[in-house]
Amino acid sequence: NAESRLGKGLDSILDKPAKDQPYGDWARANAEALGLPKDAGGYEVKPPADWPKDLPWDSAAEAAAREIAFKHGVPPEAHQAYVAFQAEQLKQTVAAADRELEAARTEMDADLRKDWGDQLDARKTRATQAMQAIAEKAGMTEAHIQALSQTMSGATSDAAVIRLMDVVAEMMA
C-alpha cells in the first residue's frame with residue numbers, strides 16, 4: 001500500500017534529518033543515496049584551464065575546501081562551482097593588481113623621464129649597479145641583493161629610491 005500510495009519503493013525514501021541533527025551529519029549518513037563522495041578526495045578540483053601559469057594554485061587551500069565539502073555533505077557539483085567562482089575572483093583581483101602596478105610603473109617612469117629624458121634607462125641601470133655594489137660591500141646575501149634589485153627594476157619600484165641610488169652612483173664615479 002505504501003509503495004502504491006507514494007509511487008516509489010521504501011528503499012528509495014530518505015528520512016529527514018533528526019531534530020537538531022546537523023545537515024552535514026545527515027548528508028554523510030545518506031551519502032550513497034545522495035551521490036556524495038566516500039571521502040574528501042572525491043571533491044578534487046583542478047585549476048581552471050585558463051589559470052595563469054605564473055599564479056600558483058593553492059593546493060593547501062584546495063585540500064581544506066575538500067575537507068569542508070566532505071564534512072558538510074556538499075554536492076560535488078556545488079563544490080566545483082564555488083571553487084571555480086573563487087578562482088575566477090582571484091584571477092580578476094590579480095589582474096587588477098597587475099594593471100595598477102603597471103600604471104604605477106608608467107607614472108614613475110614618466111616622473112623620472114621629466115628629469116632625465118633619454119637617459120632614463122641608463123640612469124636606472126647605473127642606480128641599480130650602485131645599489132648592488134653597496135649591498136655586496138655590506139655583506140648582503142644574493143637573496144637580499146635580488147630583493148633590492150626588484151625594488152630598482154620595477155617589481156616595487158620607487159622613484160625616490162632610484163633617484164637616491166643614482167646620486168650614489170654619480171658619487172661613486
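Start by selecting Asp111, Lys114, Asp115 and Arg163, which a network of salt bridges links together (a salt bridge being a side-chain nitrogen of Lys or Arg within 4 Å of a carboxyl oxygen of Asp or Glu). The structure holds 11 salt bridges. You are viewing a predicted model, where local features need pLDDT of at least 70, side-chain atom pairs count only at pLDDT 80 or more, and totals for chains, interfaces and linings use all residues. Residues are numbered from 1 along each chain as its sequence is written, and side-chain values use heavy atoms, with hydrogens and water left out.

Next, pick Arg126 and Asp166, whose closest N and O atoms are 2.8 Å apart in a salt bridge. Arg126 sits in helix H6 and Asp166 in helix H8 (residues 159–172), so this pair ties together parts 40 residues apart in sequence. Helices here are DSSP runs (H or I, at least four residues), numbered from the N terminus. Asp166 is buried at 1% relative accessible area, while Arg126 is partly exposed at 29%; buried means under 20%, exposed over 50%, and partly exposed in between, with a 1.4 Å probe and protein chains only.

Now move to helix H4 (residues 59–71), where Arg66 and Glu62 lie 4 residues apart, about one turn of the helix. Their side chains meet in a salt bridge (3.1 Å, N to O), and Glu62 is buried, with a relative accessible area of 11%.

Finish in helix H5 (residues 76–116) with Lys91 and Glu88, which are 3 residues apart, about one helical turn. A salt bridge joins their side chains (3.1 Å, N to O). Lys91 is buried at 12% relative accessible area, whereas Glu88 is partly exposed at 32%.

Terms used:
Helix = DSSP H or I, 4+ residues; strand = E, 2+ residues; numbered from the N terminus.
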